[in-house]
Amino acid sequence: MSPRNEPTFRESVDLMFNRAVALMDLAPGLEEKIRVCNATYTVRFGVRLRGQIQTFVGYRSVHSEHMEPVKGGIRYAPSVNQDEVEALAALMTYKCALVEAPFGGSKGGLCIDPRNYDEHELEQITRRFAYELAKRDLINPSQNVPAPDMGTGEREMAWMADQYARMNTTDINARACVTGKPLNAGGISGRVEATGRGVQYALREFFRDPRDMAKAGLTGSLDGKRVIVQGLGNVGYHAAKFLAEEDGCIITGIIERDGALFNPDGLDVAAVHNWMRSHGGIAGFPDAAHTAEGGAVMEEDCDILIPAALEGVINLENAARIKAPLIIEAANGPVTAGADDVLRQKGTVIIPDMYANAGGVTVSYFEWVKNLSHIRFGRMQRRQEEAQHKLIIDELERLSADSGVGWQLSPDFKQKYMRGAGELELVRSGLDDTMRIAYQSMRDVWHGRDDVEDLRTAAYLVAIGKVADSYRAKGL
Ligand code: NAD
């Protein structure tokens, strides 16, 4: 995506890392130890399809094992390569540290365009890939726990979990070998929406502090803010939908593979998503102008730009023309290191990927804990909580009647107050708490240090500090 004279994705991540460590006082050699990718495994395997053997190339990279298991998604895309997988694995290390998910960083990928295969073929390919990884403990509940990423979802995770279970018939924790599974295969409520939900919680936290808004030249709240989103997949769709339906944002632009839709009065995100699913693209959607030149819509005037598709889409070629004062990196690595410099000089505020899309790994962490504890969250306490709340309500009503005051609690209040938290409520609460606390740790550094001018450097400082602490505790 980015012009040839720009660093690769991996180099971009390292440049941003280097900018942060220059401000730190790490023990000699520790910086190098944290930066490098520990190991990358390349696998080439054959699957008999359509009467002949087809060979596939896949990767699983482990960036840092300061905590185990290591964690990170598996991506299916024709463009997957070692550099990309290693960059994404490094980002996972920093992301997990920042949001205090007790994992090291890893990432995987398979060079494949999943749209070229039917479901049965994809299952064969996925099971074979999972077999190759599980054989080497690169899928394992206590060593390495994959999750969905671009081109994969619940279906692929269920196949992988089942493949691992078939190979490890006596492992009672087999289900914890991957996250992002469907509910009926050991998944957790709220995982599919988690990354988009996390983007929403991140923006809510940003808009809670007038100092942060002032840095971007924004005022007020999320209500009425004009948003452009690139990529209406899992992350982009949920983020845009929640922001529009729950926070009053106006989604003015949606950019997809086949161009972009633009409507200054706002697009109906769910309707565009339905159209895309039934037509294979966004072109032809009524109630909006369509342009085949999707990239140009990223440069339109708006308050918030959400790149939620691929890396390198904001680069030296277009960075100067980006008008949005606030960019939230829902995708991994959408802004190159060069573009980051240009945008910082312009005063654009960037909420960095390692924080912005951490909702996925956060809820994956909850799913892994659920699998290891073999019980759904809320199962023990929900009805007990409801009974306690009912006691209070009954007592209030009795006091009101006995004293002759005659207060009536509204049925709506009673219903809401009496409901004990189920799994989805608990997951959202845990995610909200995680996103707020992690943001606050970045904010403290951003506003508290004169030598830190942006949130990305602040995020790296917090994350690297935590990884360094882990290494120190291990005696390194
Ligand atoms: P996805 O496959 O569900 O969606 C990606 C979307 O981007 C698709 O709709 C696709 O058509 C669109 N797209 C592809 N190429 C495009 C282009 N050139 N221009 C515009 N749109 C294009 O993937 P996802 O899971 O939503 O992941 C998106 C990004 O978020 C990736 O960078 C991924 O690493 C990151 N991420 C995902 C998760 C997760 O939980 N799924 C978690 C953290 C980070």
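Modeller: What follows is a walk through the salt bridges, pair by pair.

This is a predicted model, in which local features need pLDDT of at least 70, side-chain atom pairs count only at pLDDT 80 or more, and totals for chains, interfaces and linings use all residues. Residues are numbered from 1 along each chain as its sequence is written, and side-chain values use heavy atoms, with hydrogens and water left out.

A salt bridge here is a side-chain nitrogen of Lys or Arg within 4 Å of a carboxyl oxygen of Asp or Glu. The search of the whole structure finds 55 of them.

Start with D340 and R19. Their side chains meet in a salt bridge at 2.8 Å, N to O. The pair links distant parts of the chain, 321 residues apart. D340 sits in helix 11 (residues 337–346) and R19 in helix 1 (residues 9–21). Helices are DSSP runs of H or I with at least four residues, and strands are runs of E with at least two, numbered from the N terminus.

Now cover. Buried means under 20% relative accessible area, exposed means over 50%, and partly exposed is in between (1.4 Å probe, protein chains only). D340 has a relative accessible area of 3%, so it is buried. R19 is at 25%, so it is partly exposed.

Next, R344 and E453. Their side chains form a salt bridge at 3.7 Å, N to O. R344 lies in helix 11, while E453 is in the loop between helix 16 (423–448) and helix 17 (455–473), so this pair ties together parts that are 109 residues apart in sequence. R344 is buried, because its relative accessible area is 18%. E453 counts as exposed, because its relative accessibility is 55%.

Then a pair within one helix. D412 and K416 meet through their side chains in a salt bridge at 3.4 Å, N to O. They are four residues apart in helix 15, so about one helical turn separates them. D412 counts as partly exposed at 45% relative accessibility. K416 is exposed, with a relative accessible area of 61%.

Last, the network. Salt bridges that share partners join R19, E329, D340, D341, R344, D353, E453, D454 and R456 into one network.
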